[in-house]
Amino acid sequence: MEVVLVTFNVVMLLLLVIRQQKHRQLLWGGLAVSAVLLVVQGWVEGWRWPLIPAYALTLAPLLALVLDHRRHARAGQGIVKRRGVRRIAALLIAVLYGAATVAATLLFPVFTFAEPAGPYGIGTVTYHWIDSTREEKNAGAAAGAKRELNVRIWYPASKDAKGTRAPYVPDSKIYAEGHQQLLGLPQVFFTSLGEVRTHAIEHAALSDAEAMYPVIIFSHGSRGFEGQNMFQIEQLVSEGYIVAGINHTYSSMASIFSDGRVALFQDKTGTGIEPFEKTDKLNEVWVNDVRFVLDQLEQLAATDPDQRFTGRMDMGRVGMLGHSFGGATTVQMLLSDPRVQAGINMDGALYGKRRIPTAGISKPFLMISADNSIAASSGALSDDQLAAMGLNRGEVERYFKEVNARYAPVTAGGNYWLKLTDTSHMSFTDNFLISPILEWVQGTDARGTHRVVNEFTLDFFNYYLKGAPLQILNNAVGTHDDYILEKG
């Protein structure tokens, strides 16, 4: 409806300026149609600030009626003015205004996700779980409070499933503020988040096409949230996976609990160059979150009170993927929990108390990195940048030396490392879909990167969790235009 409204109003504006003879029927008709489109668009999709220039154009036919009346009145009085220069100026203004109207909607869109390519529709349900064995240590929690987690599960459903499409974020105001803090841009960039809808149908029936489905755990990055990789989650689910996204309380953008309480981001550990002792300690909290969620999923698989997942989750085929700090958590789970059989780390430094052995992780592992993430050398940072971070060059050199040591055995034992060209740390999330401006600033192609990531993600999990033949990984080793793939 936005496209229809903007197109109609801009075309009407140009016609009003170009046509010398303006029939009153055309003007009244244009006013009526534009007004109807405005009301319908607002009612169906919601009014948004980037469309204010388009909304204002609804009054253009009315203004033309007033000006036409004045022109006729002056003509009746014998007043004739030369209008050539004025007409040219009016046409120029109309073209510029029309371009600005179109640009506002394109630069601040209600973005959509690519249509899931697999044979399944998508269902979703949310859980609020409390780990009674762990006390919440974050300063924002009440004394004696237990660790609480929100977990959203996406699962295969019928392509014909009917119902309410799940929103991308549960509270647009809270998440607009969170994105503003994360990306350092004006909050006005993120006001459309509340209008974005996913392909998932809330509480849809689980598909009966397969008896059981493999399970994948998703762990977001620091200050992220459980749905930040919807581009990836939806494609996995459409191909027959159950995905459980964990919202790591106080380290996520926001946790909105079922009783209305809100826990905002407070853990700044893991967001920059810090002593590994701090990041390793925080990462163990995330590792314990994943272990707890796996315990809860096993209970659901055995006896789901809603009967949705009973006997349908294949807990013998479990994978994990994570972005940034969640990617580090994925590695730690591969090293410590036998339930996780294969994992993908998307641009996550290898925080955590366990080190990858020289011989490599003894499980299937794919590391995916951006080519312009922080370079593993203090030489990439100026003295002013170091001073702003409160660090000296010696401290940063020691940090990067540890980083390189932890990365050294990533591909050992036959595992993979995929390095994507023209990407940055946030390329592995949905963030760059919010506005083309974010892509231009970073020099990235968000949807192109997502396609490559999804191709490798599916190939990896299809082989190691479903036993399907490899389609890409073994044939893609080497240097390509879009990526470099290494294999140990």
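**Salt bridges and burial**

Colleague: What makes Lys-419 count as partly exposed?

Modeller: Its relative accessibility is 27%. Buried means under 20% relative accessible area, exposed over 50%, and partly exposed in between (1.4 Å probe, protein chains only), so Lys-419 counts as partly exposed. This is a predicted model, where local features need pLDDT of at least 70 and side-chain atom pairs count only at pLDDT 80 or more, while totals for chains, interfaces and linings use all residues. Residues are numbered from 1 along each chain as its sequence is written, and side-chain values use heavy atoms, with hydrogens and water left out.

Colleague: Why is the contact of Glu-486 and Lys-419 called a salt bridge?

Modeller: The term requires a side-chain nitrogen of Lys or Arg within 4 Å of a carboxyl oxygen of Asp or Glu. For Glu-486 and Lys-419 the N to O distance is 3.0 Å, so the pair qualifies.

Colleague: Which parts does this pair tie together?

Modeller: Strand β14 (residues 483–487) holds Glu-486, and strand β12 (residues 416–420) holds Lys-419; the two parts are 67 residues apart in sequence. Helices (H or I, at least four residues) and strands (E, at least two) are DSSP runs, numbered from the N terminus.

Colleague: Is Glu-486 buried or partly exposed?

Modeller: Partly exposed, because its relative accessibility is 31%.

Colleague: Why is Arg-48 called buried?

Modeller: Its relative accessibility is 8%, so Arg-48 counts as buried. Arg-48 forms a salt bridge with Glu-2, with the closest N and O atoms 2.8 Å apart. Glu-2, at 15%, also counts as buried.

Colleague: How many salt bridges does the structure hold?

Modeller: The structure holds 21.
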